[in-house]
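Please consider each term together with its cut-off.

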Amino acid sequence: MKILRTEIYKFSIPMHPFTIATGTMEFAQNVFIRVHTDEDKYGVGECSAFPMIVGETQATCFEMAKDFASIWKNKDAAAIEKRMEELHAYTAFNHTIKSAFDMALFDLAAKKAGVPLFRFLNGQKKEIETDLTIGIDTPEKMAATALRFKQQGVRKIKIKLGKDAKEDVSRVSMIRAAVGDEIILRIDANQGWSFEDAAFALQQMEPFQIEFCEQPMRYWDDDKWTALRKMTSIKLMADESVFDHHDAERLIADGACDYVNIKFAKSGGILEAKKINAICEQNNIPCMMGGMLESRIALTAFAHFATANDNIKFYDMDTCMLGHKEDPVTGGVRYRGYFLELPDVPGIGADADEGFLQNCVKEII
């Protein structure tokens, strides 16, 4: 499969403002690509730039995508590892835009094999139920949102925290009181707490039956995770501290975390995500499949990967349900309540809506 050309789009999706500890987003700053081959097939890829976490913006992703497309032109799309090695040799980091190119090659490979991506990855279908996330607001408003979620049939709620440890305790307390004991609550500080604040908040929240806490502290406090883990009964999940399998190996060796959140925008795509999951599985560390602000295109790829890996036990795949004001996608994963259903077609099974693309900035390389 010789690569003939790559279409690159600034795939901006308007959102309801969404606040986490590191900032507020009003647009999903995404990039969408189609990698065309001489076999009359193309693979799709999408990434979502989240600058406060990955250090990339839509603009940097778009410019790097043009360079990547030039590097790959007239080369074999089936040689996935070699193609990705070329991108890694060209630039350090830039994991987010690399993930779109990785995704497109896996889409092509599964299409050529004539099977859905999860089967190409040697997986069998399984049940995937996402949580639904509450952005940071006043404790009262967050509790009201949680109650509304429960009334809509949500069974797992993820609570964004990290602005103020004392107020965060009030947030969780009021949410638990509003929804009762049967709803699963997860919390995510997005690196917002200091070590002292994390210890205080987690110890105060222990009575509220928290399933786990994602990324309580900044990545530069990774050396403090082991001590924090000993100070609380709440399980700790590494997110921004794990970009690749080397990060996972280091934290696991230190006894620092109970779980790991895998996101393609951090790992650079499926190839590295497989390595992270393998390290975690070898060490009995279950993983979560998460994402940034991707549309249902990338979300469908996430669902395929999660389906193909039994060690992925948790699912945070709700952005399209909660934040996006438009759904510029054809095909793709569908929601049955809060359960995700994959399309049974070759490849990822999702594409961008042509009408939406007509209004996007575009380059062809």
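Predicted model: local features only at pLDDT ≥ 70, side-chain atom pairs only at ≥ 80, totals over all residues.

Residues are numbered from 1 along each chain as its sequence is written, and side-chain values use heavy atoms, with hydrogens and water left out.

Q: Why is Ser 267 called buried?
A: Buried means under 20% relative accessible area, exposed over 50%, and partly exposed in between, with a 1.4 Å probe and protein chains only. Ser 267 has 6% relative accessibility and therefore counts as buried. Ser 267 lies in helix α11 (residues 264-267); helices are DSSP runs of H or I with at least four residues, numbered from the N terminus.

Q: Which residues are in contact with Ser 267, leaving aside its neighbours within four places in sequence?
A: With those neighbours set aside, the partners of Ser 267 are His 95, Phe 243, Glu 272, Ala 273 and Ile 276. Contact means heavy atoms within 4.5 Å.

Q: What makes α7 and α8 roughly parallel?
A: Angles under 35 degrees count as roughly parallel, over 145 as roughly antiparallel, 65 to 115 as roughly perpendicular and the rest as oblique. Axes are lines fitted to C-alpha atoms, for helices over the stretch in contact, and angles run from 0 to 180 degrees between N-to-C directions. Helix α7 (residues 165-179) and helix α8 (residues 195-205) cross at roughly 20°, their axes coming within 9 Å; α7 and α8 are therefore roughly parallel.

Q: Why are α2 and α3 called oblique?
A: Helix α2 (residues 58-72) and helix α3 (residues 80-90) pack at about 130°, with axes 10 Å apart. The pair is therefore oblique. In the contact, Met 64, Asp 67, Phe 68, Ile 71 and Trp 72 of α2 meet Arg 83, Met 84, Glu 86, Leu 87 and Tyr 90 of α3.

Q: How is α6 oriented relative to α7, and why?
A: The axes of helix α6 (residues 139-151) and α7 come within 8 Å and cross at roughly 30°. That angle makes α6 roughly parallel to α7.

Conventions:
Helix = DSSP H or I, 4+ residues; strand = E, 2+ residues; numbered from the N terminus.
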